[in-house]
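Here is a short tour for anyone meeting this structure for the first time. Take a look at it, then read on.

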Amino acid sequence: MTHSAVRLERKIDRGARNLAAVFFAVVGLLLVFYGYLAWRSLHWSPLFFIQNSDSERSRIALSDEPVPALETGSVARGRDLYLRVGCSLCHGLEGKGGVVNPNYVNGTFPALNQMAERLFLYEREDVDATIKVLESGEVPEVEEIASPRAPAVIAQYQSVKDVILNGNPAGKKDPAGVPPIDMPDWKERLSIRDVNDIIAYLLSLQTWDESPK
Amino acid sequence: MGRITKVIAGWALGLSALASCEDKEQPIAFPHAKHVALKMECVSCHTGARDQTHAGIPWIHSCTPCHRLDRPFPKTPPELLEYINAVKEIPWLQVHRAPRHVYFSHRRHVAVAGIDCAECHGDVQSMDRPFSRPMFPAGQAGMDRCIDCHRKERVTTDCLACHR
């Protein structure tokens, strides 16, 4: 073999050796990397970071208790209307009042969670029976109210219905001050059935003294 | 290798979070402060906050019981009057939005856990302009905030609780 042929052969050998070295280095690195991943997958898990899955608060937070809006009936419809139509803006959530009406004689919009007392219904059974009557969606008659004070109940119901449908002006505390916000009329937006549902919901807000007599 | 991956992912998430944090100009300069000062409650306008996943943005009829054409008080800005006259919904821009891969239920946090709105949405009662950017960060920083509170309150940090 000539000298140049030997040199060429050696060059090819070196090239081939370098290429082989690079190839095996890459394969080796990949194998090391995959080995690391395999080791890591055996010794690490997202579960290491999950805590408190069986805590009492988790049990309460993730329980499938029914959503009130999914209930049916006059009270549920009334609750929905009360919130979405805008009664709660002025009369507060659950009718508890407290929202300020500037320069209004009583300072705040009236609370509505004592509606049962306003309608002269002093027993839980009377309130439940009246709610059943209101479910019909019609203006109730005296004969339908199972209470000795039925005429007074109906008169108060009519008064409340009229205020809701026709509005009511708010009295000024300071005659020279800004006009307070009146009760607007809702007859364009609420039907008798809607009014009955809202009144039924307000009746359901009455709290009762459960202490033994 | 794990650290490098985390750094790259962090940058990608951070940049995307930054891109989503441009200030949004709302159609009306609604002052939460004036309404909260009257002791109006958040749920009266954001009616879904207690019993639904999304709290919701108030509709025009939330404004009309008090802001009326025939009433000099409360003062009604002209741009609001336009919407009331036309009975047209105000095109509020949603600012607080959970990513699609996150399930966040307002009901569970407000009604079940009893968390006050200000805890996440900040000092709303002092805001004289509407939200133009979210109060909490997006991306990894946002999730860290959620996880920190879940750990503090001893509620589950199971992935599937929020990523459904």
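Let's start with a cysteine in chain B. Cys42(B) has a relative accessibility of 41%, so it counts as partly exposed. Keep in mind while reading that this is a predicted model.

**Cysteines without partners**

How many disulfides does a search of the whole structure find over all chains? The search comes back with zero. Cys42(B) takes part in no disulfide, and the nearest cysteine sulfur, that of Cys117(B), sits 3.8 Å away. A disulfide is a covalent bond between the sulfur atoms of two cysteines. The cut-off used here is a pair of sulfur atoms within 2.5 Å. Over in chain A, the closest cysteine sulfur to that of Cys87(A) belongs to Cys90(A), and because they are 8.9 Å apart, that is too far for a bond. Cys87(A) counts as buried, at 15% relative accessibility.

Now for helix H3 of chain A, which covers residues 74-91. Is H3(A) largely enclosed by the rest of the structure or largely open? Of its 18 residues, 13 are buried, so the rest of the structure largely encloses H3(A).

**Salt bridges, within and between chains**

Over all chains, the search of the whole structure turns up nine salt bridges. Three of them are set out here.

| Salt bridge | N to O distance |
|---|---|
| Asp80(A) and Arg84(A) | 2.8 Å |
| Arg50(B) and Glu94(A) | 2.6 Å |
| Asp23(B) and Arg133(B) | 2.6 Å |

Begin with the pair inside H3(A). Asp80(A) and Arg84(A) are four residues apart in that helix, so about one helical turn separates them. Both count as partly exposed: Asp80(A) has 33% relative accessibility, and Arg84(A) has 22%.

Next is the salt bridge between Arg50(B) and Glu94(A). This pair crosses between chains: Arg50(B) lies in the loop between helix H3 (42-45) and helix H4 (78-86) of chain B, while Glu94(A) lies in the loop between H3 and helix H4 (115-118) of chain A. Arg50(B) is partly exposed at 29% relative accessibility, and Glu94(A) is partly exposed too, with a relative accessible area of 32%.

The last pair in the table stays in chain B, where Asp23(B) meets Arg133(B). These two link distant parts of the chain, being 110 residues apart. Asp23(B) is in the loop between helix H1 (2-19) and helix H2 (32-37), and Arg133(B) is in the loop between helix H6 (117-121) and helix H7 (139-152). Asp23(B) counts as exposed at 53% relative accessibility, whereas Arg133(B), at 40%, counts as partly exposed. Some salt bridges also share partners, and in that way Asp80(A), Arg84(A) and Asp51(B) are joined into one network.

**The second largest pocket**

The second largest pocket has a volume of about 540 Å³. It is lined by 28 residues, and the closest to its centre are His91(A), Pro110(A), Leu112(A), Val163(A) and Met183(A). Which elements give two or more residues to the lining? They are H3, H4, helix H6 (150-166) and helix H7 (192-204), all of chain A. H3(A) provides the largest share, with five residues.

Asn103(A) is not a glycine, yet its phi is positive, about 65°. You'll find Asn103(A) in the loop between H3 and H4 of chain A, and at 17% relative accessibility it counts as buried. Phe120(A), also not a glycine, has a positive phi of about 60°. Phe120(A) belongs to the loop between H4 and helix H5 (124-134) of chain A, and its relative accessible area of 28% makes it partly exposed.

**Chain B as a whole**

What is the secondary structure of chain B made of? The tally is eight helices and zero strands. Of the 164 residues in chain B, 32% are buried.

Technical notes:
Residues numbered from 1 in each chain as written. Chains lettered and ligands numbered in written order. Predicted model: local features only at pLDDT ≥ 70, side-chain atom pairs only at ≥ 80, totals over all residues. Heavy atoms only, no water. Expected span 1.5 Å × (residues − 1). Buried < 20%, exposed > 50% of the residue type's maximum accessible area, 1.4 Å probe, protein only. Salt bridge = Lys/Arg side-chain N within 4 Å of Asp/Glu carboxyl O. 1 Å grid on protein atoms, 1.4 Å probe; cavity = no way out; pocket = protein on both sides within 12 Å on 5 of 7 lines; lining within 4 Å. Points joined across faces, edges and corners; volume = space filled by probe spheres on them.
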